[in-house]
Protein chains: 2
Amino acid sequence: MKQILMNAVHMSCVGDIAHGLWTHPRDQSSRYTDLDYWAELARTLERGCFDSLFLADIVGANDVYEGRPDAALRAAVQMPIDDPLLLVPAMAHATRHLGFGVTANLSYEQPYLFARRFTTLDHLSRGRVAWNVVTGFLDSAARAMGQERQLPHDERYARAEDFMDVVYKLWEGSWEDDALPRDKVAGVYALPEKVHAIDHRGPYYRVQGAHLSEPSIQRTPVIFQAGASARGIDFAARHAECVFVSGNKAQAREIVGTIRARAAAFGRDPADLRFFLGVVVVVAPTDALAQELDAEYRRYASPQAGLAHFSSQTGIDFSRYGLDEPISLVKTESVQSFVESVTSKSAGKAWTVRKLLEQMTLGSRHTPLIGSPQRVADALESWVRETDIDGFNLVRTVVPEGFTDFVDLVIPELQSRGSFKTTYAEGSLRHKLFGAGDRLPRRHPAGALRRAASGGAST
Amino acid sequence: MKQILMNAVHMSCVGDIAHGLWTHPRDQSSRYTDLDYWAELARTLERGCFDSLFLADIVGANDVYEGRPDAALRAAVQMPIDDPLLLVPAMAHATRHLGFGVTANLSYEQPYLFARRFTTLDHLSRGRVAWNVVTGFLDSAARAMGQERQLPHDERYARAEDFMDVVYKLWEGSWEDDALPRDKVAGVYALPEKVHAIDHRGPYYRVQGAHLSEPSIQRTPVIFQAGASARGIDFAARHAECVFVSGNKAQAREIVGTIRARAAAFGRDPADLRFFLGVVVVVAPTDALAQELDAEYRRYASPQAGLAHFSSQTGIDFSRYGLDEPISLVKTESVQSFVESVTSKSAGKAWTVRKLLEQMTLGSRHTPLIGSPQRVADALESWVRETDIDGFNLVRTVVPEGFTDFVDLVIPELQSRGSFKTTYAEGSLRHKLFGAGDRLPRRHPAGALRRAASGGAST
């Protein structure tokens, strides 16, 4: 049995993607502005040998439902929301091994400054940072950035390709590995002949200059991605090292196979990718207790708040539909995969608000796993065995107890079966995930941009 | 005697503004990528009741000297340099009272995302954040952002005014104070009718939408500024709460008077501003030991590296001048104040590289104070008494020992004289500095944009 990888998923906000659970009396997510909350969470996850804490993010209001943000604001659906990047330094300081994945929408960023920000995080965390690449899907975000609406879906990906090209050049191609003698006696910190200005002239970005930061341990952060559209799959196959998938086992197996094959077509080794399935776990010492806990949690979940969220994700205002009224299918690529995942779980092809609501577990659309540690471990192992995924994104429920329960109950069960590590390997997040060093492999598009140290100390 | 305020100045890089001192055997600034280094420094400053640690920043290479960045890279003159914002969360977590001022160049930022970043920092630090507003002065930065060159000086300030207007609206005018019942039982986190989208249509920025973050303790961070040009003085008089000044006592007194008067003309209370003089202190138990330490430090200082820095600041390539060759005066506003500060310290109006070099102390152009704790305390007190400044920006020398020596020797001396606090006041950085609450006063342009809580709970 291969070793299962495990990320925890949270956001720097109250509502997150487990809609309504912040109202549970024991839930502490309203402490999201408190560094102690985050440091405690990071230590709990590190105690459970989690690979990383993944902090999702969204920029812009969920204002498609009812044509206004009111429902989302009332239920704290991903707004208010703080900048997740700024949580990492304090958590990195409180831990030694846990990785930190952060969603950052590249669409409104200056790549030159953005690259420095991630290098800084990689420095401060000693090589434990991952970037979940997103291009956004909210027109409300575009309006907040001085534009009428966002770029069309495919053009967003074209811009993203150009952006990646810039930041790869800055991270990999600007400073040689042996550019830094840091020689106090000679008074020479860097060797100018080994620090190269990039000169990028792409369709969207022009960037001239050397990277501001010296190289970090990983140089390029570990790249996370979750594209489900055809263009998104290509983007993941080309760039991603960790890919987030959803659906049932057949769907997951298919998408994993598709992306690994596409990655090979791009000249990458399919083994250079790791796949993670989003899961909602409710665990207790026995199945009966887990069912009880799940019933208790359900009383606080808000599928209605979930609708406000899904309206933004699909661009469809679900408030305009009766519970059983067939929803007219808008066939844009960005909603297609969402619609397919709903209809594939329903009898027939008509989808309704009722079906959407029924498919939610604790206010989330991720795969639910409820039961004793043995039952949950069985399920996790069967997923890995049957679908070629590598691990899981454990979505929050009631925090921190949902994560604490998982660490206290499920992790030891998996460890006793030999399917989960009992200690961390040393080294960077990338090395922990792939066991092949801190840097991206040469066959990755970023690795190909790496400048060999001209002094011969190439890595 | 009024209480003296004290900031420490450092940067997230090796070279900083005390050029060459990183080569001192005891200097630890090459640990700038290590969070322990920053947490230790923050704790030292908090032990000394410092008001804040001010982290300067620069974006772009110092490449005017010799027309290339080589001299700067060799001597680590502010490059490589990491993002200073990301140091704050770990230091905030390691301290309780110390404030954190961070330079951030607004010229290449999206105000909507920028505003969230600072609100997040203010949340995480519990109201201890200040922003040093700069517009940059390097063409190399503009080229890294896809532009041929930066905007002209005055237009940069016009854009800055528009940017400030946007972020003030987001910080002060979007969320009412009583917008957040956070009511778990009713399932209501925010009241939509108390969360207002801004609709800014300025000459440079268009921003529509509500602020992403809920209000932080200070809402608007404490505003630092250091403009010396006529346009910069107006900007400081309008916006700044803490202003950085330089020069001799007569010059400092004049600039303080000018800015306070201009602030009054803008409808502000001149007492709502605090002025800080940059100083380089070398202190030891006796005058003789301090002179010895200064001589030791001087052996490592690099005025030549300083020239590479000043070339960028003035746009004049000093490598093209002989030591005593008169430097032709380029009369642009951005260099005028620099030139004036050099010539005012020299006999006559001709300035040369030699004069520049002579005016540097330990690789810096800030006011030097060298001696026993009594002598340094005398000097600090006389500056405050004679010039109407409120405190000092203590520039780094050999770190951390320069800061530690100041905390161990000068602070107790000032405290024994009653001119420096022995404990912190409770509350936000702004309240600690001004004693009048966490928020900007109404008569500040940001305060005027504050939305009274419609439920009557206005502050």
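## Basis of the description

Residues are numbered from 1 along each chain as its sequence is written, and chains are lettered from A and ligands numbered from 1 in the order in which they are written. Because the model is predicted, local features need pLDDT of at least 70 and side-chain atom pairs count only at pLDDT 80 or more, while totals for chains, interfaces and linings use all residues; side-chain values use heavy atoms, with hydrogens and water left out.

## The interface of chains A and B

In the interface, 71 residues of chain B are in contact with 71 residues of chain A, where contact means heavy atoms within 4.5 Å. The two chains bury about 6300 Å² between them, 61% of it on carbon and sulfur atoms; buried area is the accessible area (1.4 Å probe) that two parts lose on being put together, summed over both. Of the area that chain B buries against chain A, B:L86, B:K184 and B:Y189 supply 12%, more than any other three residues.

Between chain B and chain A the count is six salt bridges, a salt bridge being a side-chain nitrogen of Lys or Arg within 4 Å of a carboxyl oxygen of Asp or Glu. A:D83 forms a salt bridge with B:R117, and the closest N and O atoms of this pair are 3.8 Å apart.

## Salt bridges in the whole structure

Over all chains, a search of the whole structure finds 80 salt bridges. In chain A, the side chains of A:R262 and A:D234 meet in a salt bridge with an N to O distance of 2.8 Å. A:R262 lies in helix α8 (residues 249-265) of chain A and A:D234 in helix α7 (residues 230-239) of chain A, so the pair ties together parts that are 28 residues apart in sequence. Helices (H or I, at least four residues) and strands (E, at least two) are DSSP runs, numbered from the N terminus.

## Helix packing in chain A

Helix α13 (residues 373-387) of chain A packs against helix α14 (residues 401-416) of chain A at an angle of about 60 degrees, with the axes 9 Å apart; axes are lines fitted to C-alpha atoms, for helices over the stretch in contact, and angles run from 0 to 180 degrees between N-to-C directions. α13(A) and α14(A) are therefore oblique to each other, given that angles under 35 degrees count as roughly parallel, over 145 as roughly antiparallel, 65 to 115 as roughly perpendicular and the rest as oblique.

From α13(A), the residues A:P373, A:Q374, A:V376, A:A377, A:L380 and A:E381 meet A:F406, A:L409, A:V410, A:E413 and A:L414 in α14(A). The residues of this contact divide into eight nonpolar, one polar and two charged, where Ala, Val, Leu, Ile, Met, Phe, Trp, Tyr, Cys and Pro count as nonpolar, Asp, Glu, Lys and Arg as charged, and the others, Gly among them, as polar.

## Helix packing in chain B

The axes of helix α4 (residues 111-124) of chain B and helix α6 (residues 153-173) of chain B come within 9 Å and cross at roughly 50 degrees, which makes α4(B) oblique to α6(B). In α4(B), B:P111, B:Y112, B:F114, B:A115, B:F118 and B:T119 meet B:F163, B:V166, B:V167, B:L170 and B:W171 in α6(B), and the residues of this contact divide into ten nonpolar, one polar and no charged.

## Backbone features

The peptide bond from A:V399 to A:P400 is cis, with omega near 0 degrees, and A:P400 is placed in the loop between β11 (391-395) and α14 of chain A. In chain B, a cis peptide bond joins B:V399 and B:P400, with omega about -5 degrees.
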